[in-house]
Amino acid sequence: MSRCDFKFVLLGAEHVGKTSLVIQFVNGTFNSKVPYQNTIGAAFNCKTMTSGGKMYTVGVWDTAGSERYEAMTKLYYRGAHAAIICYEPDCRQSWSRLRHWLLEVRSVEESCKLYLCGTKKDLLDSGDRVREVPEDVVATYSQGVNGHFLTSAVTGENVEELFQTVLDDCVKDKQVMKDLEDRRLALEKEMEVLKEKRGCHC
Ligand SMILES: Nc1nc2c(ncn2[C@@H]2O[C@H](COP(=O)(O)OP(=O)(O)OP(=O)(O)O)[C@@H](O)[C@H]2O)c(=O)[nH]1
Ligand SMILES: [Mg+2]
């Protein structure tokens with residue numbers, strides 16, 4: 001993980017579609033034939049992205065939504081540059097869970113950028129599901145965070161846009177970029193020391 005430039009974490013209730021969102025982002029795929037399998041603990045994914053003409057490696061922690069793993073989840077958002085908190089617009093319960101994570105991350109990681117993500121947009125668009133979380137409530141909450149996106153892991157709609165915005169916001173942040181540069185320099189120094197040590201053994 002230390003070799004990734006940025007750390008993003010996905011949070012949200014069980015079954016909201018966090019894993020599917022990450023798979024769509026990393027692989028560009030959605031497999032409807034694979035039955036739902038809840039994430040245990042968390043899963044790590046890495047992707048190279050570009051912002052402002054430069055390449056960066058982004059590490060994404062896909063956490064388990066089940067409250068059973070809540071104590072563990074705290075480990076994954078520690079030190080995160082950004083948290084993407086997911087909810088299903090047709091599920092009020094998932095919105096309550098989002099509010100919980102919003103308060104939690106804010107109180108623990110003050111500098112972590114926060115994004116709200118309404119998932120499974122395709123189901124709303126097709127009329128298969130009816131919105132339970134009113135749009136004006138979402139709009140009010142969105143004002144207090146860095147952004148809000150409505151995504152679909154099935155069609156891929158807004159998935160790339162979401163992650164690209166999160167990365168661009170990080171790259172625009174002077175403090176985040178200074179920390180990144182400091183880490184790079186420290187790593188370079190470590191490598192030099194290692195090389196010197198190896199040279200002594202020759
Ligand atoms: N139609 C539709 N179904 C989706 C979408 N995203 C996920 N699903 C389905 O929703 C179910 C749950 O998806 P997951 O991605 O496993 O959910 P999760 O949030 O990772 O769940 P936990 O790991 O238990 O926290 C699966 O059956 C997916 O196929 C989407 O954008 N559209
Ligand atoms: Mg999952």
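These legends accompany several close-up views of a predicted model. Residues are numbered from 1 along each chain as its sequence is written, while chains are lettered from A and ligands numbered from 1 in the order in which they are written. Local features need pLDDT of at least 70 and side-chain atom pairs count only at pLDDT 80 or more, whereas totals for chains, interfaces and linings use all residues.

**Figure 1. The whole protein chain, to get our bearings.** The protein chain holds seven helices and six strands, where helices (H or I, at least four residues) and strands (E, at least two) are DSSP runs numbered from the N terminus. Starting at the N terminus, the order of elements is β-α-β-β-α-β-α-β-α-α-β-α-α. The radius of gyration is 18 Å, close to the 17 Å that the globule rule gives for 202 residues, so the chain is as compact as a globular protein of that length. Here the radius is taken over C-alpha atoms, and the rule is 2.2 Å times the number of residues to the power 0.38. The C-alpha trace spans about 70 × 35 × 35 Å along its principal axes. Of the 202 residues, 32% count as buried; that label requires 20 or more other C-beta atoms within 10 Å of a residue's own, exposed means 12 or fewer, partly exposed lies in between, and C-beta atoms are placed from the backbone. Among contacts between residues at least 6 apart in sequence, 72% join residues at least 24 apart, a contact being a pair of C-beta atoms, placed from the backbone, within 7 Å.

Figure 2. The shell around ligand 1 has 20 residues, and Gly-17, Thr-19, Asn-38, Thr-39 and Gly-65 come nearest. A residue belongs here if its C-beta atom, placed from the backbone, lies within 6 Å of the molecule. Helix H1 (18-27) and helix H4 (121-125) are the elements that give two or more residues to this shell, and H1 gives the most, with three.

**Figure 3. Helix H1 and its well-covered residues.** H1 is mostly covered, with eight of its 10 residues buried. The buried residues are Lys-18, Thr-19, Ser-20, Leu-21, Val-22, Ile-23, Gln-24 and Phe-25. They pack against S1, S2, S3, S4 and H6. Just after the helix, Gly-28 takes a positive phi of about 70°.

**Figure 4. A look inside the largest nonpolar core.** This core numbers 40 residues, of which Ala-83, Ile-84, Ile-85 and Tyr-115 touch the most other members. The elements giving two or more residues to the core include strand S1 (6-12), strand S3 (54-63), strand S4 (82-87) and helix H6 (159-172). Such a core is a set of buried Ala, Val, Leu, Ile, Met, Phe, Trp, Tyr and Cys residues joined through C-beta atoms within 7 Å. Not counting residues up to four places away in sequence, Ile-84 touches Phe-8, Leu-10, Tyr-115, Cys-117, Leu-162 and Val-166.

Figure 5. Thr-73, Tyr-76 and Tyr-77 are the buried residues of H2. They cover an arc of only 90° around the axis, which puts them on the same side of H2; the arc is that of the directions from the helix axis to the C-beta atoms. The face turned away from this buried side carries the exposed residues Ala-71 and Leu-75. Zooming in on Tyr-76, we find 22 other C-beta atoms within 10 Å. Leaving aside neighbours within four places in sequence, Tyr-76 is in contact with Val-9, Ala-42, Trp-61 and Thr-63. The C-alpha atoms of Tyr-76 and Leu-11 are separated by 9.5 Å, although the two residues are 65 apart along the chain. H2 is followed by Gly-79, whose positive phi is near 75°.

**Figure 6. Two loop residues with positive phi.** Lys-120 sits in the loop between S5 and H4 and has a positive phi of about 55° although it is not a glycine. With 24 C-beta neighbours inside 10 Å, Lys-120 counts as buried. Asn-158 is found in the loop between strand S6 (147-150) and H6, and its phi is positive too, near 65°. Asn-158 has 17 C-beta neighbours inside 10 Å and counts as partly exposed.

Technical notes:
Two residues are in contact if their C-beta atoms, placed from the backbone, lie within 7 Å.
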